[in-house]
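Let's walk through a protein model together, one region at a time. Have the sequence and the structure open as you read.

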Amino acid sequence: MKLDIQGHSGCEIVIVHEDNDLFIHKSTHDSGYVPRLVNQANKQIAASKIEYQNIRVPKVFEVEQNDTSATIKMEYIYSRNYVEHFEQAGFEQIKYLIGAIKYFIDLEINNSRMETVPSHILTDKMADVARKVEKNVHLKDDAEAQELVRRSSAVMDQVGNMVLPVGMCHGDLTFSNILFNGNNYYLIDFLDSFIESPLLDIVKIRQDTSYLWSTLMYNKPFDKVRLSIISEKIDVAIDEYFSGRYQWYRDYYMPLQLMNFLRILQYGHDDKVISYLKKVISSQLDFINNTKNI
């Protein structure tokens with residue numbers, strides 16, 4: 001049995017039946033993406049060796065690569081996606097998920113070290129975003145998008161050096177990269193990040209809990225009210241937990257969340273998604289500026 005699925009990164013994902021077992025083959029034939037896919041595989045291999053409470057990481061069995069292609073063979077997980085899970089989940093299951101997310105990120109924090117991230121890391125990334133927005137045919141003549149980039153650049157210039165935990169993060173910890181199997185949660189699609197910090201994982205999970213990002217990519221009917229209520233409950237719990245414990249979260253969550261959405265915007269090509277991103281980025285800039293004036 002062989003089923004082809006297109007991944008979000010442009011990789012090909014194939015479910016393969018071998019010796020009465022199912023496996024996932026994730027591959028790229030883009031020579032420029034080969035090193036990144038191999039790095040993602042290595043990141044997943046390292047994470048699979050760590051014991052997390054209720055969090056699992058699918059095993060990687062093989063990594064094959066050459067100059068033009070790479071393929072990862074990994075464990076197939078029988079599971080539900082986040083919408084299917086939330087449609088059926090009760091209060092205790094949501095509480096369980098919140099606890100698992102907190103535990104996972106706290107373990108990342110404990111396995112990281114506090115480091116000073118130089119200000120140029122953020123400003124260089126902002127300059128790269130600005131260049132890519134300017135080259136994007138869907139954005140280069142969009143005056144609103146250009147103005148948002150200009151305003152965001154001003155914000156990033158003021159952040160300065162950041163003292164953050166650095167060392168471990170999933171890199172793309174959104175609901176769409178969590179597979180749900182009862183009260184076990186499997187993390188897939190690890191991604192290299194421009195700052196390997198647990199704060200980036202909080203940013204990514206709140207990309208969904210606070211901004212409902214993954215629902216834009218979900219094409220089947222679902223109970224939007226129920227999902228919004230559940231997402232808000234998770235978001236409030238995560239925000240209260242980390243804001244009550246870490247100054248670096250209170251100081252740097254918003255600029256890094258702004259950067260997160262800017263990095264999505266730079267590749268925007270769908271009018272609906274671009275409109276959504278501009279609205280979110282504008283609201284974030286207003287919040288940051290209003291907070292400064294308090």
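What is the mean pLDDT of the chain, and what share of its residues reach 70 or more? The mean is 94, and 96% of the residues reach 70 or more; pLDDT is the predictor's confidence in each residue, from 0 to 100. Residues 1-8 have a pLDDT below 50, and beyond near neighbours in sequence this stretch has 18 contacts in the model (contact means heavy atoms within 4.5 Å). This is a predicted model, where local features need pLDDT of at least 70 and side-chain atom pairs count only at pLDDT 80 or more, while totals for chains, interfaces and linings use all residues. Residues are numbered from 1 along each chain as its sequence is written, and side-chain values use heavy atoms, with hydrogens and water left out.

Now find strands E5 (residues 60-65) and E6 (residues 70-75), which pair in the antiparallel sense over 5 bridges. Strands (E, at least two residues) and helices (H or I, at least four) are DSSP runs, numbered from the N terminus, and two strands pair if DSSP finds at least two bridges between them. A hairpin of 4 residues joins E5 to E6, and Gln-65 has Ala-70 in E6 as its bridge partner.

Next, turn to the helices. Helix H8 gives 7 residues to the lining of the second largest pocket, the largest share. By class, this lining has 9 nonpolar, 3 polar and 5 charged residues; here Ala, Val, Leu, Ile, Met, Phe, Trp, Tyr, Cys and Pro count as nonpolar, Asp, Glu, Lys and Arg as charged, and the others, Gly among them, as polar. A pocket is an open set of points on a 1 Å grid over the protein atoms alone, where a 1.4 Å probe fits, with protein on both sides within 12 Å along at least five of seven lines; lining residues have an atom within 4 Å of a point.
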